[in-house]
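Let's go through this one by asking where each label comes from. Have a look at the model first.

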Amino acid sequence: MNELTRVMYVEDEPDIRAVAKLALEAVGGLTVSLCERGDRAVEEAEAFCPQMILLDVMMPGMDGPSVLKAIRQSTKLKNIPVAFMTAKVQPHEIEHFKSLGAVGVIAKPFDPMTLSQLVRDLWEKAEKSL
């Protein structure tokens, strides 16, 4: 199995983006590309070649589910595991996100010290199911 090294995180809130970047890079040792808008993430993802994509659910313009749908239409990105990061973590909400094709959901607020391990766990689970 490959090692996870490249993650893209799409989040419209600057403070959350900053904490997540620090958590994933400094604590997790990952290379992270940040996007503040869904449409920009779709444009930049092919050039960055992420191994996993993390999406906020509620963003202005193109929301997380819309970004996931666009990613799945790209031949280069369609098999990349995607997880949602959201405060919407009721069981029926999680099932809905998984039905859209997400490998899982990470609850916000998240613990910066454990975020990278949660991401790795979801990525490894997705890799095993391929």
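This is a predicted model: local features need pLDDT of at least 70, side-chain atom pairs count only at pLDDT 80 or more; totals for chains, interfaces and linings use all residues.

Q: Which residues of H2 are buried?
A: In H2, residues 38–48, the buried ones are Gly38, Ala41, Ala45 and Phe48.

Q: What do the buried residues of H2 pack against?
A: They pack against E1, E2 and helix H3 (64–72).

Q: What makes Arg6 count as a charge over the ring of Phe48?
A: Arg6 lies over the face of Phe48, 4.1 Å from the ring centre. The distance cut-off is 6 Å, so 4.1 Å passes. Arg6 also stands opposite Thr31 in E2.

Q: How do you know that E1 and E2 are paired?
A: Pairing needs at least two bridges, and five join E1 (residues 6–10) to E2, so the two strands qualify. They run parallel.

Q: What is the order of the strands in the open sheet?
A: The five strands are ordered E2-E1-E3-E4-E5, with parallel pairing.

Q: Why are E2 and E5 said to stand at the edges?
A: E2 (31–35) and E5 (104–107) each have a single partner strand, so one side of each has no neighbour in the sheet. From one strand to the next, the twist averages 25°.

Q: Which helix lies across E1, E3, E4 and E5?
A: That is H5 (residues 115–128), running at about 170° to E5.

Q: How many aromatic pairs does the structure hold?
A: There is one, formed by Phe84 and Phe97.

Q: Why is the pair of Phe84 and Phe97 called tilted?
A: Their centres are 4.9 Å apart, within the 6.5 Å limit, so they count as a pair. Phe84 in strand E4 and Phe97 in helix H4 are 13 residues apart.

Q: Why do Phe84 and Phe97 count as buried?
A: The cut-off is under 20% relative accessible area. Phe84 has 0% and Phe97 has 5%, so both are buried.

Conventions. Residues are numbered from 1 along each chain as its sequence is written. Side-chain values use heavy atoms; hydrogens and water are left out. Helices (H or I, at least four residues) and strands (E, at least two) are DSSP runs, numbered from the N terminus. Axes are lines fitted to C-alpha atoms, for helices over the stretch in contact, and angles run from 0 to 180 degrees between N-to-C directions. Contact means heavy atoms within 4.5 Å. Buried means under 20% relative accessible area, exposed over 50%, partly exposed in between (1.4 Å probe, protein chains only). Rings of Phe, Tyr and Trp (its six-membered ring) pair if their centres lie within 6.5 Å; planes under 30 degrees apart count as stacked, over 60 as edge-to-face and the rest as tilted. A charge sits over a ring if NZ of Lys or CZ of Arg is within 6 Å of the ring centre and within 35 degrees of the ring normal.
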